[in-house]
Amino acid sequence: MLIAAAAVPGVVAGTCAGYLIQADRDPTPLPSLSQPTLAQATGPAPEPLSAAQDRRVKTDGDLRKLLLKKPAGAKKADWLGDDDGWLDLAPYAELYEDPAGALSDQLGDDFRRAATTGWASGDKEVTIRLIQYRQEESLVAVDEASDGQYWADKEASTRSWAIPGTGDGKAYVHDKADTEFGYLPIYGAEAYAWRGDVVMEIRVWDTKPLTKKTIMDLAERQMERL
């Protein structure tokens, strides 16, 4: 015990001596944070990717140019009025049953812009919308398309099909008409798909039952343009 007790002061004294020696030394210099200058590359810069190679080249342009054109013989939808084809956030939110909630959701989802078109041919009316999101933090487009599909699936007497070439895009035909006293019955069809940061929404209404071919043809041709 006497030997052990004598060893403790010796260890303490040795530690203190080590600190004193280290304190008298000059500090070790740190390596420089600067990096050597890199030589600048010479020659022409690479050509930017084409729209075929980089989809954002296409969708960062005029989104309205990607919309399907009005068919020959059809007339411009009355609800378009003098609209230039752009759809602002507030009018888009008004299309929902809960506009205030939709406005809040779209702001949270980083809504960027939307383009729309529509036409009428006899009693049939068509509306097409392309909605684009910034997608800085999450992949919103796929979620928005899935939401549209979810609500379309919930309607009674509904048939659905996958849209070829879209992965998880779907088209729907509602065989049960919406009826209101004093008005003709209205049948509906719709389609939802996405590409990159753009969501496609298509809705069709008619006073007679709609076919799979009607909605599928519109959806496939519109997605080909995207």
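Colleague: Where is G196 found?

Modeller: G196 is found in the loop between β6 (186–195) and β7 (198–206). Helices (H or I, at least four residues) and strands (E, at least two) are DSSP runs, numbered from the N terminus. This is a predicted model, in which local features need pLDDT of at least 70 and side-chain atom pairs count only at pLDDT 80 or more, while totals for chains, interfaces and linings use all residues. Residues are numbered from 1 along each chain as its sequence is written, and side-chain values use heavy atoms, with hydrogens and water left out.

Colleague: Why does G196 count as partly exposed?

Modeller: Buried means under 20% relative accessible area, exposed means over 50%, and partly exposed lies in between (1.4 Å probe, protein chains only). G196 has 40% relative accessibility, so it counts as partly exposed.

Colleague: Which residues is G196 in contact with, leaving aside its neighbours within four places in sequence?

Modeller: Contact means heavy atoms within 4.5 Å. With those neighbours left aside, G196 is in contact with Q135 and A141. The C-alpha atoms of G196 and L139 are 8.6 Å apart in space, while the two residues are 57 apart in sequence.

Colleague: Is T117 buried or exposed?

Modeller: T117 lies in strand β2 and counts as buried, at 15% relative accessibility. Not counting residues up to four places away in sequence, T117 touches L67, L68, W79, L80, V126, T127 and I128.

Colleague: What is the phi of D110?

Modeller: D110 is not a glycine, yet its phi is positive, about 60°. D110 sits in the loop between α4 (99–108) and β2 (111–121) and is partly exposed at 26% relative accessibility. S157 is another residue other than glycine with a positive phi, near 55°. The loop between α5 and β4 (158–162) holds S157, which is partly exposed at 45%.

Colleague: Which residues form the negative surface patch?

Modeller: Patches are made of residues with over 30% relative accessible area and no salt bridge; like charges are joined within 9 Å, and nonpolar side chains (Val, Leu, Ile, Met, Phe, Trp, Tyr) within 5 Å. A salt bridge is a side-chain nitrogen of Lys or Arg within 4 Å of a carboxyl oxygen of Asp or Glu. Asp and Glu count as negative. Here the negative patch is formed by E97, D98, D105, D143 and D147.

Colleague: Where is the place of D147?

Modeller: D147 is in helix α5 (residues 140–154). D147 is partly exposed, with a relative accessible area of 42%.

Technical notes: Areas by Shrake-Rupley, 256 points an atom, 1.4 Å probe, with all protein chains shown as cover. Charge placed at Lys NZ, Arg CZ, Asp CG, Glu CD.
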